[in-house]
Amino acid sequence: MFAYIVRRLVLMLVTLIGISIIIFVLLRVVPGNIVDILFDAAGFVDPTDKANLEKELGLNLPIYQQYLNWIGGLLHGDLGYSYVSEKPALQEILPRIPITARLAALALLFSASIGIPLGVLSAVHQGSRLDYTLRVVSLSGLSLPSFWLGLLILMASVSLFGHMPIYNPNPATWTEAFAIYAVPAMAVGFRSAALTMRITRSSMLEILRQDYIRTARAKGASEASVNYRHALKNAILPVITVIGIEAAFLIGGLIVTETVFNIPGVARFLVEALRWRDYPIVQNLVMLIAVVVVVANFTVDMLYAAIDPRIRYGD
Amino acid sequence: MGSVRALAVAALLLLPAYDVASAGEPKQGGILRVYHRDSPGSASIHEGATFSINVPFMPVFNNLVMYKQDVPQNSVESIVPDLAESWGWSDDGKKLTFKLKQGVKWHDGKPFTSADVKCTFDMLMGKSQQKFRQNPRKSWYDQVNEVTVNGDFEASFSLKRPQPALLSLLASGYTPVYPCHVSPADMRTKPVGTGPFKFVEFKANESIKLTKNPDYFKKGLPHLDGIEFTIITNRSTAILGFVSGKFDMTFPTEVSIPLLKEVKSQAPNAVCVVEPVNVSTNIIVNSSAPPFDNIDIRRALALVLDRKAFVSILYEGQADIGGTMLPAPGGLWAMPKEMLESIPGYGPDVNANREEARKLMQKAGYGPDKRLAVKVATRNIPIYRDPAVILIDQMKSIYVDGDLDVVDTAQWFPKVARKDYSLGLNLTGNAVDDPDQSFYENYSCGSERNYTNYCNREIEKLFDEQSMEKDVAKRKKLVWEIDKKLQEDVARPIILHARQGSCWQPYVKGITIMVNSSYNGYRYEDVWMDK
C-alpha cells in the first residue's frame, strides 16, 4: 500500500509537470495577448508602445524562458503579477478560493445528499409512480442548463419575494450568508444530483438482484437494513467515482453559476482573466484546478480501499 | 490676450436641464449603487478608450473645463470652468490661457498647481519622462506646440494654428488633470484626483468603491456619501438587480431597447430615457485591394443599404440615420435632412437605389450568373455581428454573396489595422461631438484609426479649414460639405447611429444623460437621493 501511494504521488507530480507545459503552451498559442487586448479598446496599435509594453510584461522573452520564470517563481511561492490589476497574482487568487470552495462543497453536498437517497428510493420502488416521477426529475436535471436554471431562480425570487439572492460580501444575517451560497449551489448541484440519482438507481438495481440480497431477506433482515446496509454499501462505489469526476467537472458549471449569481469566485475570475489573456492569473488558476482534480482522483482511489475491504493496491 | 472672458458669467446664462425647484432641495448622504457592465482594465482614464473607465472614475477627477453636467447637449456654450477659474483665447487664436482655481487639493492632501496641468498634457503629448502604457488620444493634441505655466495658477496651451475645438476636447470626460507626484502605474490602480469622490478600492470583476471628498473645492458638493459600482457582466442578472431594487441606477446607456421594455414592465416607477450614444455602425471597405478598389463596387455597396431596415430590426426604430456626424437633434453638426437625402443611397426609394447598384455591379462585370463572393469581417460580439448578418442579406440583391467572418476581440483591431480584410462591419464611438475629433481620427491620411486608408488631399484641406474656423455657422456649412463628400466617396458608409437606454430609481435626482456623447457626463457631484 505504501509503495502504491508513493508511486501515485510520483505519477501526480509528473502529471502536474505535463499539465503545466500544456497550459503554458496552449495559452500562448491562442491568438492575441494582453497587449493586443489593451490596445484593441483604443482602436489602433502603435508598434512602439506595444513593444514597450510587451517588454515591460516580459512577453518579449523566449517562451521557454517565460516558462522557466513561471515555474521558478512557483517553487518560491511567487505566482507573478496580474497584468491587468498589477497586483500579485497570489493576492488576487487567494481571497477567491474560499468563495468557490464553499460553493463547490455545498453543490457536492447537495448532489450527494439529494442524489443518493432519491436514487435508492427510485430503485427500491422500481416501476412505481414515485420511480417515474424521480426519473423525470433526474432527466430534467440533466437537461436543464445551469445558467438557465440560475436565471429562473433569480427571476422567480425577484418576482415572488422582490429580493435577489446574488452575492453580497457583507451579509447582514447568517441566513442571508447561507442563501448567498445555497441557492447557486442548488442551481449548479441539480445536474450533479440528477446524475448521482441515476447512477445510484442503476447500481442499486443491479445489486438488489444479487443472491446475497435474497439471502439477507430470507434471513429476515428488515427492508431498511437490506437496502442501506447490504445493497447501498455495495452499490456506492460507482457513485463515489461519479461524484469524484463531478467534483472535477464542477468548475465548468461554476463558471456559469458564478456569472449568473455574480459571485466573485475563482471560476468567473478565470474566464475574465482568459478574456484579458492575463497569463499569470490563468496559468496559476488552471494549475490550481489541475491540482484539485488530481488530488480528488487520488482521494477517490483511496476511498475505494476504505469502503470496500476487498480492494487492495500494490500487493 | 484680447478676448478673455469669465466663463463663470456665461455659465449663469445656461438654463439647467432639470427644474431644481420641482426636484426639491438636494438632500445630503446616501450611497449611490450602480451596476457596472464589465471590469475595466485599469482606473486610468487617460490610458483607456472605453467609457467603462469614464463612468466609475470620472467622479474622482476634475478637468480644466467640463461640459455642464445638467445640460444634456454638449456644446461650446455648455462648457463651464472646473479646475480653471476662467479662460481666454489670444487674438490670433493660437494661445489658450487658463487661470486656475486656488486652494484646490489632491485627495492625498498635496496642493494642485499649474505644474500638474503641464505634467498631464506633456505626458499626453509624449513629451515627459513618465510615459503612459498606452496613449490612445495623443492625436487630440497634434496642434498643441507646448503647455507653459506662469506661476502656480496659470497655464497656457500654445498652438501651431488656431483650433477652437481644443476647448471642447479639454471638456471631455477623457481629459482629467492628473497629479505630477503620482506615477502612471499608480494611477492605473490607485487613482488620485481632485474630484468630488475619492477612490476607495477597485476589486477586479467585483466592485469599485468611491467615497465623498469632504474637502472638495466646490462648496456643498457632492451630495452623496459615496458611489458603489458592482461589476455584473451578465446583463440579465444586472437588470434583475435593478428591478429588485438592489441598484439605484443601471449602467448608463447600456440598456438595450428590448430590455428597456422589460425594465418598464417590471419596475414601472423607474425613470428611463433613451438617448443617442454617438456611436455609429458603419462599413469599412478596403479600397486598396480588389474588388473594392473599384469605385463602382464601393458605390453599389453604399446604394444597397436599406438603413431603415437596420434601424427597425436592431433598434425597434430607435436609432438615427445620418452621415459621419451625429444626427440632429442630439448632434450639433449633422447635415440638414434634404442634404442628407441627396446623397446616393440615402434617398427614400430603396428599390431605385438597388436598381442603380445592380447597374454599377454589372458595369464592374458582376451579375446573376457571376456573383461576387466576399468575406464580411466583424468582431465576435452581438452589436457587431447582428448588423453584419443584415448587411450580408441586403448585399444578396446586388449579386454579392457575403460570408460572415467573425474575429476574436483580441484580433479585431490588429487585423483591421494591417488591412487584412476586404469588407468589415465596425462601430465607431466619438467622445466629443466635434468634427475635429471625428474627421482627423477616422478620415485623415495616415491616421491610425483611418482603417479604410481613405486619403483625399482636397478633403484634408477642408478638414483644416473647418478646424480653424471660429464662426460656428460658417464651420457648420464646411462640415456638412465635408460629411457629404465623405459619404459620396464611400469612405466609410455609415449605417446608423445607435440609441441606448438608461434607468434609475425615482428617488435618484440630478442625473442627466448626455445626448451627443456617452463619455462626458459622469461627474455625479450634483446627484442626490430623495430618500
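Two strands are taken to pair if DSSP finds at least two bridges between them, and helices (H or I, at least four residues) and strands (E, at least two) are DSSP runs numbered from the N terminus. This is a predicted model, in which local features need pLDDT of at least 70 and side-chain atom pairs count only at pLDDT 80 or more, while totals for chains, interfaces and linings use all residues. Residues are numbered from 1 along each chain as its sequence is written, and chains are lettered from A and ligands numbered from 1 in the order in which they are written.

**View 1. Strand 6 and strand 7 of chain B pair in the antiparallel sense.** The pairing of strand 6 with strand 7 (residues 154-159) of chain B runs over five bridges, and B:V144 stands opposite B:L159 in strand 7.

**View 2. Four strands of chain B form an open, antiparallel sheet.** The strand order is 4-5-7-6; strand 4 (84-89) and strand 6 (144-149) of chain B stand at the edges, each with a single partner strand, so one side of each is left without a neighbour in the sheet. From one strand to the next the twist averages 15 degrees.

**View 3. Helix 4 (residues 114-124) of chain B packs on the sheet.** This helix touches strand 5 (95-100), strand 6 and strand 7 of chain B, where contact requires that the C-beta atoms of two residues, placed from the backbone, lie within 7 Å. The direction of helix 4 makes about 160 degrees with that of strand 6 (axes are lines fitted to C-alpha atoms, for helices over the stretch in contact, and angles run from 0 to 180 degrees between N-to-C directions).
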